[in-house]
Amino acid sequence: MTTASHEKAYGEGQGHGANSVLGKARLILEAFQHDDVELSLSELSRRTGVSKASVHRLAQELVEWGMLERSGFEYRLGMRAFELGSRVPRFRVLRDAARPTMERLHFTTGEAVHLVVKDGLEAIYLEKVAASEKSAKPSRIAGRMPLHATATGKVLIAFSPPSVLSEVVSRELERFTQHTTVAPGLLLKQVQRVREVGYALEEDEVTLGYCSVAVPLFSGTRLLLGALSITAPTYRADVQRFAAALLEASQRLSSSNLVN
């Protein structure tokens, strides 16, 4: 997979809160990316733009709280961070409600199933059911992707207020492969198609050789909760079968009291 993203300094676009003690602590925690296991004091200082002395002092407090753990001279995220994240009621209820359906979809299709929610202009992977990490394209729980490039993201755009689509197309659309949708006009057409048929299709836009089909999940009062997708290697993806199974699952979950 190829990307054309540019690096941003931590704290960029996050307001003046980064100048406060709490803001600095947030930058330290958010400095850890998905592939990071441990980071040194120097690297934390570099990524956050906070002095080594301040990082050292705040990191010690975060260790005492359990948000960070020490590993020799390096730091890693602590169990307290995981604990707090798992307590978010909206996400926990949705994940618990969707998990049995996701397992059934995985059992009947043999492919990876993802549950995704929207956070700003990004999609967050809330849950994943797959035979193994190698059986699906690279994705992980709590991972993020921009809305425009994924099937789940296109679904979330399509069934969100129009202002979300306007905000997405007003920005530069990041390219992951030569097939990624980066033209605003094309994205507009794709979103309109999603509204018409009720599901989104993405092929080779994030990872070459992979295809995803996604549907929205609603509460009983038609509040958009998230999106559900099936991802498979393109050569064996049965789009119509996946779409039918997902639409049926979405209808069942959306009428369930568990997600009202």
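A salt bridge here means a side-chain nitrogen of Lys or Arg within 4 Å of a carboxyl oxygen of Asp or Glu. Keep that in mind for K154 and E205, whose side chains meet in one, at 3.4 Å, N to O.

Some ground rules. This is a predicted model, where local features need pLDDT of at least 70 and side-chain atom pairs count only at pLDDT 80 or more, while totals for chains, interfaces and linings use all residues. Residues are numbered from 1 along each chain as its sequence is written, and side-chain values use heavy atoms, with hydrogens and water left out.

Now the overview. The chain has nine helices and nine strands. Those are DSSP runs, numbered from the N terminus: helices are H or I, at least four residues, and strands are E, at least two. Of the 260 residues, 45% count as buried. Buried is under 20% relative accessible area, exposed is over 50%, and partly exposed is in between, with a 1.4 Å probe and protein chains only. Next, contacts, meaning heavy atoms within 4.5 Å. Take those between residues at least 6 apart in sequence: 55% join residues at least 24 apart.

Back to K154 and E205. Where do the two partners of this pair sit? K154 is in helix 6, and E205 is in the loop between strand 7 (200–203) and strand 8 (210–218). Are they buried or exposed? K154 counts as buried because its relative accessibility is 1%. E205 is at 4%, so E205 is buried as well.

That loop also holds D204. D204 is not a glycine, yet its phi is positive, at about 65 degrees. With a relative accessible area of 19%, D204 is buried.

Now helix 6 itself. How many of its residues are buried? Eight of eight, which leaves the helix mostly covered. They are A151, T152, G153, K154, V155, L156, I157 and A158.

What does helix 6 pack on? Take helix 8. The axes of helix 6 (residues 151–158) and helix 8 (residues 184–197) come within 9 Å and cross at roughly 75 degrees. Axes are lines fitted to C-alpha atoms, for helices over the stretch in contact, and angles run from 0 to 180 degrees between N-to-C directions. Helix 6 is therefore roughly perpendicular to helix 8. The classes go like this: under 35 degrees is roughly parallel, over 145 roughly antiparallel, 65 to 115 roughly perpendicular, and the rest oblique. Helix 6 brings K154, V155, I157 and A158 to the contact. Helix 8 brings L187, Q190, V191, V194 and R195. By class, that is six nonpolar, one polar and two charged residues. Nonpolar covers Ala, Val, Leu, Ile, Met, Phe, Trp, Tyr, Cys and Pro; charged covers Asp, Glu, Lys and Arg; the others, Gly among them, are polar.

One more residue belongs to this picture. T181 sits in the loop between helix 7 (162–169) and helix 8. T181 has 1% relative accessibility, so it counts as buried. Leaving aside neighbours within four places in sequence, T181 contacts H148, K154, L173, L186, L187, Q190 and E205.

The structure holds 15. One of them joins the side chains of E127 and R99, at 3.4 Å, N to O. E127 is in strand 5 (residues 122–129) and R99 in helix 5 (residues 89–109), 28 residues apart. E127 is buried, at 10% relative accessibility. R99 is at 28%, so R99 counts as partly exposed.

Then a local one. R193 bridges to E196, with the closest N and O atoms 3.8 Å apart. Both are in helix 8, three residues apart, so about one helical turn separates them. E196 is exposed, with a relative accessible area of 52%. Elsewhere, salt bridges that share partners join E38, E69 and R76 into one network.

The axes of helix 2 (residues 41–48) and helix 3 (residues 52–65) come within 9 Å and cross at roughly 110 degrees. That makes helix 2 roughly perpendicular to helix 3. L41, S42, L44, S45 and T48 of helix 2 meet K52, V55 and H56 of helix 3.
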